[in-house]
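Biologist: I am new to this structure. Please show me how to read its features.

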Amino acid sequence: MDCLFCKIAAGEIPSNKIYEDDKVLAFYDIDPKAPVHFLVIPKEHIASADCITAENSTLIAHVFEVIAKIAADLKLEKGYRIVNNCGEHGGQTVGHLHFHILAGRSLTWPPG
Ligand code: 5GP
Ligand code: ZN
């Protein structure tokens with residue numbers, strides 16, 4: 001399958017890694033939208049949030065445990081935003097489920 005984030009997860013394309021275990025990878029976004037901007041992905045190919053099911057939701061829960069751990073490690077005590085863009089109207093450009101973590105400045109709400 002020709003999937004950018006599967007290739008990053010497999011190490012075929014380099015990334016600036018923050019955290020890795022056998023199921024999850026976190027790496028800095030190549031085009032940061034905030035002073036701190038990284039992505040957390042399941043290594044398994046899941047196309048989008050639409051594809052979260054009872055069969056893979058334990059993995060998604062693990063993604064959120066990893067986010068909390070990294071936020072503590074990076075001392076993001078002033079807060080951060082977790083974003084998932086799903087589908088065309090959600091602004092998803094890479095078809096492998098990923099969560100953006102944005103931090104380091106006050107973020108506006110609501111999004112555009
Ligand atoms: P989406 O638009 O699908 O929610 O987010 C995709 C994100 O992946 C974007 O923020 C984009 O900057 C990032 N991205 C795209 N290609 C690469 C890459 O090759 N390496 C890294 N680290 N990030 C990428
Ligand atoms: Zn993939």
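Modeller: Start with the zinc ion (ligand 2): its protein donors are Cys-3 (SG), Cys-6 (SG), His-45 (ND1) and His-96 (ND1), at 2.0 to 2.3 Å. Donors are N, O and S atoms within 2.8 Å of the metal (3.2 Å for Na, K and Ca), and water is not among the atoms, so sites may look incomplete. This is a predicted model: local features need pLDDT of at least 70, side-chain atom pairs count only at pLDDT 80 or more, and totals for chains, interfaces and linings use all residues. Residues are numbered from 1 along each chain as its sequence is written, chains are lettered from A and ligands numbered from 1 in the order in which they are written, and side-chain values use heavy atoms, leaving out hydrogens and water.

Biologist: What is the geometry of the site of the zinc ion (ligand 2)?

Modeller: Four donors count as tetrahedral if all angles lie between 85 and 135 degrees. Here the angles among the four donor atoms are 107 to 116°, and the site is tetrahedral. Along the sequence, the spacing of the donor residues is C-x2-C-x38-H-x50-H.

Biologist: Is Cys-3 buried or exposed?

Modeller: Buried means under 20% relative accessible area, exposed over 50%, partly exposed in between (1.4 Å probe, protein chains only). Cys-3 counts as buried because its relative accessibility is 5%. Cys-6, at 21%, is partly exposed.

Biologist: Which residues of the largest nonpolar core touch the most other members?

Modeller: A nonpolar core is a set of buried Ala, Val, Leu, Ile, Met, Phe, Trp, Tyr and Cys residues joined through side-chain atoms within 4.5 Å. In this core of 19 residues, they are Phe-38, Val-40, Ile-70, Leu-76, Phe-99 and Ile-101.

Definitions and conventions:
Tetrahedral: all angles 85-135°; square planar, octahedral: opposite > 155°, others 65-115°.
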